[in-house]
Amino acid sequence: MAWKDNDMQQLDQQVARRLTRFYVIALTIIALMTLSGLLFIKHTINTHYDDGRVVNVAGRQRMLSQRLTKLAVLKIEAIRSADIPLFDSLLTTWRNTHVQLRNGTLLMEKPYAVRKSSRLDSMFAQIDPAFQSMYTGFVRISNPAGGLEQQRAALAVILRDEPSFLRQMNDIVFQFDAESFTRVKYLEQVEWILGIATLLTVFIEGLFIFRPVVSHTKQVIRRLAASEEALRLANEQLEITNRSLAVANQQLIETQAGVLRLTKEKHQLQRAEDMVRSAALLEGQEEERKRFARELHDGIGQMLTGLKLHAGKIRKFPFSDEKQQARFDELCNLIQDTIQATRQVSHNLMPSVLSDFGLDAALQLLADQTAQLAGTAVVFTKAGRGKRLSPVVEIGLYRIAQEALHNAVKYAGAQTIRIHLEQESQRIRLAVEDDGRGFTIRKSRNGKPLTNVNGLENMRTRTQLMNGDFTITSKPKKGTQVSVVLALSDNQLY
C-alpha cells in the first residue's frame, strides 16, 4: 500500500510539472500573439487616423488654391467681396500646409505624421515648380506696392499654372488615399494570420494539455471521494474545538472586562484619594495661614504697636545732640516700616477684608496693593451681582487670582493686568489677563497641557476641588490669560 502511495505521489508530481510547463508555454504564446495583435492594430488605427487627416488636408489644398485664385481675380478687378480681407491668411495657410505635407509632418491641433512613399516624394517634387510660381504670383498680388500691370501679369501666371497644380494635387490626394487603403488591407491580412495562429494554438493546447488534464482530474476526484469522509470527521472535530475555544474566549473577554473595570475603579479611587489629600493639604495650609496671620496681628503686631507708643513717649524728652535725635527718628521709621510689612504679610496670608466684605472687595484691594508695590497697572472689573460665596470658594478664587497676579508680575513682565469677575445666579467666572511676554504651553502625549510650572498646577488643583473648569491660554509675545469657571451649587452660596 505504501509503494502505491509513493507511485501516486510521483505520478502527481510528474503530471503537475508537465501541465505547468505546457500551460505556461501555451498561455505565453496566446498572450504574446494577442498583445502583438492589439499593439499592431492600435498602431495601424492611429496611422489610418493620421492618413485620413492628411488626405483631408491635401484635398483642402485644391480648394484653397481655387479660392485664392478667385480672390486674386476679384481683387484685381476691384470687385467687392467679403472674402478679400482673408487673402493673406488663406495664402499663409496654403503655403504652410504645402511645406508640411512635403516635409512629412503636418502641424494641426497635434503633429500628424505624413507617411509618403518614394512615388509621393517624386510627385511633390514635380508639383513644386507650379506651387512656387503660383505662390510668387499671389504674393505680388497681395503686395499693395506693386502696380496693376505687375499684378495682372502675376494673375496670368497663376491662371496658367493653376490647372497643372490642380491636376497634380488631385493625383497626390488619390495617391495618399491609395497608400492608406493598402495599409488597411495589410492590417486585415495580419488580423487573419493572428486569428488563425491563435486558433491553432488553442487546438494544440486542447490536444496536448486538456486531455491529460481530464485524466488527471479523474484521478483527483477519486482521491477526493476517498478523503471526503476523513475531511468531514475532521470538520466535526474542528467544530467541537471551535466551540470550546469560543467558550474560552468569552471567559477571557469577561476576565479582561473585569480587570479593566477593577483598574478603572482603582484609578478613580486613587484620584479621589489624591483629591482628598490635596483638599486636606490646602485646608491645612489655609488654617495655618489663618493661625499665623492671627499671631502676627495679635502678637508681633501688638508688640510692635506698643514699641511705637513707647518710642512716642521717649520722643517727648529732649536729646543731648542732633545725632541722637536723627538715630531715634530712624528707629521710629524702622518700627513703622516693620509694622507695615507685618500687616502686609498678615494680609497676604489671610486678608480680613475677604471674610468681612467678600470676594469683590478682596480682589479690588489685591489689585490696588499689587499696582502700588509692583508699579504695574492692575485693573479690576466686575459684571453681575450675586450672593456671597462660601468661604471655601472665596478663598479658592482669591488664591488663584493671587497666584496669577504673582506670575504676571514676576515672570511675564506685564505692563497691564486685568482681573475680571463675572457672577450670575448659578455661575461665576474669574479671568486674569496680562500683556506680558507669554510662553508656549507644552502638550503631553494625551494632548493635555503640561502646566506643572509657576504654581499653575496649584491653580488647576484648587479649581478641580471646587468642581470647576480651569483654562490657560498663552503665546510668546501675546500675553497670558488664566480663566476659572464654576457652576455654583447651593452649598457654595450663603
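Helix α9, made of residues 456-465, lies across β6 and β7 and runs at about 155° to β6. Another helix, α7 (residues 359-374), lies across β3, β4 and β5. Please keep in mind that this is a predicted model.

| Helix | Residues | Lies across | Angle |
|---|---|---|---|
| α7 | 359-374 | β3, β4 (416-423) and β5 | about 165° to β3 |
| α9 | 456-465 | β6 and β7 | about 155° to β6 |

What order do the strands follow in the open sheet? The 5 strands are arranged as β3-β4-β5-β7-β6, with mixed pairing. The edges are taken by β3 (377-383) and β6 (468-474); each has a single partner strand, so one side of each is left without a neighbour in the sheet. On average, neighbouring strands here are turned by 10° against each other, direction ignored.

Strands β5 (residues 427-434) and β7 (residues 480-487) run antiparallel and are joined by 8 bridges.

Leu 200, Phe 203, Ile 204, Leu 207 and Phe 208 make a nonpolar surface patch of about 500 Å². One of these residues, Ile 204, is found in helix α4, which spans residues 148-315. Is Ile 204 exposed, partly exposed or buried? With a relative accessibility of 40%, Ile 204 counts as partly exposed, because that class lies between the buried limit of under 20% and the exposed limit of over 50%.

Terms used:
Residues are numbered from 1 along each chain as its sequence is written. This is a predicted model: local features need pLDDT of at least 70, side-chain atom pairs count only at pLDDT 80 or more; totals for chains, interfaces and linings use all residues. Side-chain values use heavy atoms; hydrogens and water are left out. Two strands pair if DSSP finds at least two bridges between them. Helices (H or I, at least four residues) and strands (E, at least two) are DSSP runs, numbered from the N terminus. Axes are lines fitted to C-alpha atoms, for helices over the stretch in contact, and angles run from 0 to 180 degrees between N-to-C directions. Contact means heavy atoms within 4.5 Å. Patches are made of residues with over 30% relative accessible area and no salt bridge: like charges are joined within 9 Å, nonpolar side chains (Val, Leu, Ile, Met, Phe, Trp, Tyr) within 5 Å. Accessible areas come from the Shrake-Rupley method with a 1.4 Å probe; for residues, only the protein chains shown count as cover. A salt bridge is a side-chain nitrogen of Lys or Arg within 4 Å of a carboxyl oxygen of Asp or Glu. Buried means under 20% relative accessible area, exposed over 50%, partly exposed in between (1.4 Å probe, protein chains only).
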